[in-house]
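Please open the model in your viewer and keep the selection panel at hand; the tour moves from one chain to a contact between two.

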Amino acid sequence: MNKTPDFGAVHTSAELLTIVRLMEEGAAERYRELAEAFETSCNLDTAAAFRELAEGEDRHAAEFPALAGPAPRVTPWGEEDPEIADPDAVHYLMHPWHVFELALRNEEKTLSFFEALAVQSPHAEVKAEAVRLAERERGHVDHVKRRMAELPVPPDDWDEDDDPPNWEAGD
Amino acid sequence: MCGSGGAGVMTAANMFIDAAAEAGFYALFGRSSGPQIRGGEAAALLRLGAEPITSVDDTFDIMLAVDWQGVQRFAAELPLSKSTLIICDPSAGDVPDVYVKSGARIAHLPMKDLAKAIPGGRPNMIALGAVAALIGFPVGPLTEILGKSLKKKRADAYEASVAAVKSGAEAAASLGETKKLAAPTAKDVKRWTIAGNAAAGLGAIRGGIRFCAAYPITPATEVLEYLSSALPKTGGVFVQAEDELASINMCIGASYGGEPSITATSGPGLALMIEGLGLSMASETPVVVVDVQRVGPSTGIATKCEQSDLNIAVYGLHGDAPHLVVAPNSIGDCLLATQWAVYLAEALQSPCIVLSDQALGQSRAIIDAPADVAFVGKRLEAVAPTVEGEVFKRYANTASGVSPMPVPGQPGCQYTADGLEHTETGTPSSQASDHSIQLDKRLRKLTGFDYGNHWATIEGEGDIAVVTWGSCTGAAREAITRARADGVNAKLISLRLVYPTRPEHMAEALKGVKKILVVEQSHLGQFTRYLRGEYDLPVKPEQLSRPGPLPMRPGEIHTRLLSMGK
Amino acid sequence: MSSCNTSATYTAKDFKSDVKPVWCPGCGDFAVLSSITKAFADLGLAPHETSVVSGIGCSSRIPAYTNTYGFHSIHGRALAVGQGLKLARPDLTVLVAGGDGDGFSIGGNHFIHACRRNVDLTYIVMDNRVYGMTKGQPSPTTESDWDASAMAPPGGTGMTPFHPLAIALAAGANFIARGFSGDPNGTAEIIAEAIRHPGFSFVAIMSPCITFREEQRDWKNTMRQTAIEATTDSAQAARRLMTDDGFNCGVLFRGSRNSYGKEKKAVAAVSDLDAEFAL
């Protein structure tokens, strides 16, 4: 898709914090959905990795003030919220290592956005908040990198399946 | 009365029925026509009497031909005898051999010439006057009907018709003798004039139907014509769909929304609806389908009657799919049986096929007013779960097999109806236990229901039972009456509930019966096979059956009863 | 960028059921489910006054995954069921959903006539140009040269792909849009507008099948937000659609036809009907 970021869209620090909380909640929700999808397709290690990420995002969301009143529908990032995983960026045989690799991409995208916002926002208050958020995001990136390092790197043939696709309830 | 396009025999016959209604008679009016949309040959087949008439007779007393264009095509449907009087116009040429061979008397009535002598006169009105005079039909009601149908439009047409009827009546004196109509006895019964197809439509609305989606097809179209005007008046909806697949599925959607729904069709359309009926059955979404049977297979003979959709109606669904099949056995019963079908479908959350037929559907009759019965469709209402987080069980495995069914809009009872096998909550399941539970539940609700004595029409007592259904019932009834006069007693069992079967009731009805005669209109003997397959009959039944388009007539059943009674 | 406030009492989550999708991990349909539930919530609808009707196929499993009233019907007939429901119950919000095989092949005739009839409902087709549930056969929207299927002849079917949006326009649909599962927020906005728009609203959502059409993962690089405003002129819409490369997302046509059907109103009692037949 071809939407471009709109760095002027967020006017205040409070507004920025609210949408970041919503993004973290959205990211948690997506990771939970992916965890469920992997549970359904019997890849439980990967499902557990997604659950771990979902719980992490829940904690991140809780660090921000809870939403009071209707949610603002401002999307300064132009496209989808950077931290929310593409639902199609997965493979049914993927390993937990891939899960954290996917999360790393999302965290890095979010970090880049905050760094750019800190420079390009026309509002001083937003700039200052973006600097703090970028610092916080660096912590998330480091954490995901550490988790990746703890996990075995998948073999080259990780996506091979001798069986053809099969359906429990083809209809 | 027969003639080719423009002869106006149908108009004359309809006026005759209206006049007969006015005069207190009973009547049955069937029709036969060629395949042409306009200008084809047509025959109006009338039977009049002072007592209710439920069957065609063996032969006609009078055959009036305005002309002979293509009329020999109907020969098999127009049985004549030596006592028949053929009245024809000498200018129309010779009487076709096939009619001469019957030995019937032939009389000439110059209908065209007599009509010409009257400004605006028409041959069909000459014919009407002649036939009325021949059978001793009162002139008063005839003139009254002419007034009702013509006066408002054109006074000169009315006067011309009255003059033509009078001219025909005067000319009748020289035509010869024929059977006279007995005068009607004054009765304290209300009478109606109605055709089976309209009766089915009215029965549907009485039963609670408020939605119909349908695709036109002969000979069911009149059901739809009736509903398309009557449904909107009663707050309902009628939709002409793009095909029968859409019809049945629109009905299922509307029914899911809480509106009792119906569609009407004939064999080819029913074939297309079968998958939808399976969905209705498995998702337990009630729907009623009126199948006005015509001659099959495939496109068959669209305008004529046959009782050959029994197999597809009962056994046509894939999977183990018990459902309701109901058959009206008279024109008036088209109303009651369809109303009952709506009641059953709604109560049992099941598809119900109403197996009417062309002879019932497209025949117009003067009958005693059908009873106003209390059958109105009602579903088992749902109650939302009170425990937080509990999911509503749409397909709850109840003792009766009927599960509470919410109407969309009801909070807390949201569910997904599904044709996939499912759990009690409606979640798709491929587990043996869920399949077994739902199969049992769907069967139990049908077999455990109290259908009362409506499952069959049972009349009389005797060593012989005539088991029949649909439009053959009238002929069987008349044959039984004649046989009784000859000292042979037979009992009539006409099945209204074709499916599910009623084994105990049938055993009771057949208690003491020594011989069984099955009467049906099917080449394969579908009804006989059904009876032998589904019921433990005390004796092997004899079979009297014939495919359409020729109807079963009382005489042949009477003859068989006499030989069985020896 | 867009901003609007709603006073919804239900959230998107309230529109999801506890039943877990059988879709492959990575299937585009997960995002479409999210977009639909988000649109419902954004419109302030209530689950019990909303219904989702489908046919058969991977995407047609969707009603069970929502907490609305739903009907998982038979292959190709979802639009018939949905139209019947809406005509019987004009007070309900009716959304019909399914796949490209269900909607355009076995259900093609209903699609055309639903566009013509213009009943006030929204039809969502999750288009992945393949039959997923039966393991990867070419569908009506499959490229003519695609042959990575056990049932497709070498070199592909050679059949011109069905053009759902152009056909919808020609048949009379009142609202035509394309969405992409990779843009769930944008797609949710399109669905919400489709539901609000009177008459038959058609939303084709490109939703990759990552199992049988893995190359569709690349759609996220090729799909784009359309740069042009939706037109109300069907001739202009026809020109656009016939020159469209299939990658433009957004609302493409907004018609102004009146919805099918009259207000239901009883003017007679059932017993009044007897008069026509009584002597």
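What percentage of the 279 residues in chain C is buried? Select chain C: buried residues make up 57% of its 279 residues, a residue being buried if 20 or more other C-beta atoms, placed from the backbone, lie within 10 Å of its own.

Before going on, note that this is a predicted model, in which local features need pLDDT of at least 70 and side-chain atom pairs count only at pLDDT 80 or more, while totals for chains, interfaces and linings use all residues. Residues are numbered from 1 along each chain as its sequence is written, and chains are lettered from A and ligands numbered from 1 in the order in which they are written.

Colour chain C by secondary structure, and you will find 8 helices and 8 strands (DSSP runs, H or I of at least four residues for helices and E of at least two for strands, numbered from the N terminus). Turn to its C-alpha trace, which spans about 70 × 45 × 40 Å along its principal axes.

Next, select chain B together with chain C: their contact takes 49 residues from chain B and 41 residues from chain C, where two residues are in contact if their C-beta atoms, placed from the backbone, lie within 7 Å. On the side of chain B that touches chain C, the largest share, 9 residues, comes from H9(B).

Finally, select E15(B) and strand E2 (residues 69–72) of chain C, which run parallel and are joined by 3 bridges (strands pair if DSSP finds at least two bridges between them). Here B:Thr416 stands opposite C:Gly70 in E2(C).

Methods
A residue is buried if 20 or more other C-beta atoms lie within 10 Å of its own, exposed if 12 or fewer, and partly exposed in between; C-beta atoms are placed from the backbone.
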